[in-house]
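Subject: Structure handover

Dear colleague,

Here is the structure you will be working with. Please keep it open while you read the notes below it.

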Amino acid sequence: MGEQSIIGVIDTGVWPESEVFNDYGIGPVPSHWKGGCESGEAFNSSHCNKKLIGAKYFINGFIAENESFNSTKSLDFISPRDHDGHGTHVATIAGGSYVPNISYKGLAGGTVRGGAPRARIAMYKTCWYLDDEDIMSCSSADILKAIDEAMHDGVDVLSISLGSDVPMYGETDIPDGITTGAFHAVLKGITVVCAGGNSGPEAQTVTNTAPWIVTVAATTLDRSFATPITLGNNKAILGQAMYTGPEIGFTSLVYPENPGKSDHSFSGTCEELSVNSNLTMVGKVVLCFTTSPYSASASSAARSVKTAGGIGVIIARQPGYVIRPCLDDFPCVAVDWELGTDILLYIRSNGFPVVKIQPSRTLTGQPVGTKVATFSSRGPNSIAAAILKPDIAAPGVSILAATTTNTTFNDRGFNMMSGTSMAAPAISGVVALLKALHRDWSPAAIRSAIVTTAWRTDPFGEQIFAEGSPRKLADPFDYGGGLVNPEKAAKPGLVYDLGLEDYVLYMCSAGYNESSISQLVGKGTVCSNPKPSILDFNLPSITIPNLKDEVTLTRTLTNVGPLKSVYRVKVEPPLGFQVTVTPKTLVFKAKTKRVSFKVRISTTHKINTGYYFGSLTWSDNVHKVTMPVSVRTQILQNYYDEN
């Protein structure tokens with residue numbers, strides 16, 4: 001269960017009293033650990049144990065960038081202690097110990113544990129609460145310093161659920177502390193796992209895209225919180241909520257409007273319910289509509305209805321948006337626009353519309369399927385389109401984990417949170433398990449094992465969809481290789497490996513100048529002329545953003561399975577493209593551990609196209625090593641380039 005692996009978490013700190021950091025039955029601290037626990041406000045070395053083996057904080061960069069910050073008056077703790085709860089939540093998901101009989105007010109009940117429940121956790125606090133702006137803020141300088149210390153402390157994995165929005169800095173630019181620090185960590189054999197961002201479902205929004213980082217997308221679980229709504233005509237509707245209060249018996253239902261008139265003293269828009277008179281909503285359940293994907297619209301609606309004396313709100317919105325509980329367990333139930341319209345038509349056709357709302361209940365398994373979350377940032381990569389991002393997907397919606405006991409929505413120190421911030425540590429836990437099994441694997445080999453063995457169907461064999469407008473079948477820009485499959489990743493058979501020389505060739509092929517590459521690498525670097533092709537970078541994926549006629553690229557596989565193995569290729573070509581692999585059979589022997597192959601891709605398309613998707617799989621009848629293939633024809637662009 002990862003007992004010899006150390007997961008470094010760079011985040012908002014840790015709440016050490018949480019049960020998830022118990023060290024029951026865990027052996028001595030791994031001998032390669034050189035770090036420790038730093039004392040500060042409400043935190044000292046006694047808060048650490050054989051589970052939480054490291055805790056440090058980094059604030060100098062933050063203070064330099066926020067001169068108005070008053071450390072003596074701040075609500076945050078000037079120590080590794082977590083004020084926000086985000087860091088504690090992330091650490092739980094990555095490596096929290098077993099804690100039985102946990103739920104959120106009776107929802108999502110079960111045993112909480114991390115991906116690697118016996119791995120050790122070291123927290124590096126780099127993000128701080130800005131009281132006057134009510135936000136968390138992180139300095140790149142502090143992040144870079146934290147990564148540097150984590151490297152020297154001896155972590156095996158770095159889990160970083162932080163990042164900026166696009167547009168991003170270049171990958172050789174020092175201001176991007178995550179990318180720069182991750183490069184040096186990877187060269188030391190430390191796998192760096194990062195959240196891909198929460199700006200989906202728009203394309204080209206994925207962040208933390210450097211090819212030495214494992215970038216993670218978020219999916220739902222096969223779990224929902226069904227909340228029965230019954231109309232006065234006995235029509236039953238299942239909404240979604242985290243409502244755990246008493247049943248609301250048949251009560252007056254209203255949609256604020258003045259039928260047939262343009263009257264600005266009424267509004268059925270969730271964010272504008274406060275313009276309605278209290279008499280419109282007092283003692284009633286209110287229906288409203290919103291186009292906003294953010295939970296703030298639901299919170300605003302609930303606050304307005306409650307202030308006016310209402311007793312509940314039904315929020316009609318796009319399907320797939322994240323649900324959260326409303327303050328003081330006020331009944332706020334989400335439905336999609338279609339169901340919301342059904343409710344509205346009932347209200348308009350009935351002189352005395354009424355509704356009953358029952359408490360939420362947990363549903364798991366079929367028919368609830370795994371989907372890429374609406375908010376999960378999507379590819380293509382906006383810095384280097386030929387580098388597939390995200391790499392992999394993991395659950396990141398309504399994840400129950402530990403938090404601080406001073407956060408608003410905690411239940412006995414646990415709450416549910418959503419984001420790629422929750423998906424990334426799930427992958428970090430998997431990496432910790434793989435590192436414990438294969439100490440000699442490089443970060444690139446570990447990433448390859450995870451990507452090439454991933455599920456492209458959910459546990460029920462159904463294809464994975466991506467939430468959005470509209471919902472569609474998921475593709476590599478939604479989930480990379482697919483949904484992580486930890487058991488298969490432990491024995492991938494073959495891996496696509498990378499080292500320093502490969503990363504330098506990538507930077508040269510991507511067009512970075514030699515001086516910036518030299519600065520990042522730490523030694524003089526000269527790029528070859530002509531520069532190498534970025535398409536030959538040995539990723540476990542093929543992404544061609546601008547194919548005109550045809551192209552041939554190379555990949556190299558390293559055998560990590562049985563010494564004598566024979567693999568044969570199977571290709572699912574993207575629609576309208578021909579894919580030829582040479583050779584079609586790879587033979588590995590005791591002295592032949594690395595074998596290269598070429599892939600020739602040509603197109604029959606005569607116009608610029610969007611991306612088409614396929615796959616390339618090597619199999620020995622035991623292992624299946626699958627890489628996603630994404631190709632776009634760009635004839636017109638090439639014409640302008642040449643003319």
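What follows covers the salt bridges, the aromatic pairs and a charged surface patch.

The model is predicted: local features need pLDDT of at least 70, side-chain atom pairs count only at pLDDT 80 or more, and totals for chains, interfaces and linings use all residues. Residues are numbered from 1 along each chain as its sequence is written, and side-chain values use heavy atoms, with hydrogens and water left out.

Salt bridges

A search of the whole structure gives 19 salt bridges (a side-chain nitrogen of Lys or Arg within 4 Å of a carboxyl oxygen of Asp or Glu). Helices (H or I, at least four residues) and strands (E, at least two) are DSSP runs numbered from the N terminus. Buried means under 20% relative accessible area, exposed over 50%, and partly exposed in between (1.4 Å probe, protein chains only).

Glu3 and Arg118 form one of the salt bridges, with 3.1 Å between the closest N and O atoms. Glu3 sits in the segment before strand S1 (6–11) and Arg118 in the loop between strand S4 (107–112) and strand S5 (120–125), 115 residues apart. Glu3 is partly exposed at 22% relative accessible area, and Arg118 is partly exposed at 24%.

Lys56 and Asp153 form another, with the closest N and O atoms also 3.1 Å apart. Lys56 belongs to strand S2 (residues 52–57) and Asp153 to helix H3 (residues 140–153), so this pair ties together parts that are 97 residues apart in sequence. Lys56 counts as buried at 14% relative accessibility, and Asp153 counts as buried at 5%.

Arg348 and Glu257 meet in a salt bridge of 2.8 Å, N to O. Arg348 is in helix H7, while Glu257 is in the loop between strand S13 (248–254) and helix H5 (278–281), 91 residues apart. Glu257 is partly exposed, with a relative accessible area of 23%. Through shared partners, salt bridges join Lys56, Lys145, Glu149 and Asp153 into one network.

Aromatic pairs

The whole structure holds 18 aromatic pairs. Rings of Phe, Tyr and Trp (its six-membered ring) pair if their centres lie within 6.5 Å; planes under 30 degrees apart count as stacked, over 60 as edge-to-face and the rest as tilted.

Phe289 and Trp337 make an edge-to-face pair, 5.2 Å centre to centre with 65° between the planes. Because Phe289 lies in strand S14 (residues 285–289) and Trp337 in helix H7 (residues 337–348), the pair ties together parts that are 48 residues apart in sequence. Phe289 is buried at 10% relative accessible area, whereas Trp337 is partly exposed at 34%.

Tyr503 and Phe537 make a tilted pair, 6.1 Å centre to centre with 55° between the planes. Tyr503 is in helix H12 (residues 500–509) and Phe537 in the loop between helix H13 (514–521) and strand S26 (542–547), 34 residues apart. Tyr503 counts as buried at 3% relative accessibility, as does Phe537 at 6%.

Surface patch

Asp131, Asp132, Glu133 and Asp134 gather in a patch of negative charge on the surface. Patches are made of residues with over 30% relative accessible area and no salt bridge, with like charges joined within 9 Å. Asp132 is in the loop between strand S6 (127–130) and strand S7 (135–138) and is exposed, with a relative accessible area of 60%.

Regards

Notes: Patches are made of residues with over 30% relative accessible area and no salt bridge: like charges are joined within 9 Å, nonpolar side chains (Val, Leu, Ile, Met, Phe, Trp, Tyr) within 5 Å. Accessible areas come from the Shrake-Rupley method with a 1.4 Å probe; for residues, only the protein chains shown count as cover. Lys and Arg count as positive and Asp and Glu as negative; His and the chain ends are not counted. The place of a charge is taken as NZ of Lys, CZ of Arg, CG of Asp or CD of Glu.
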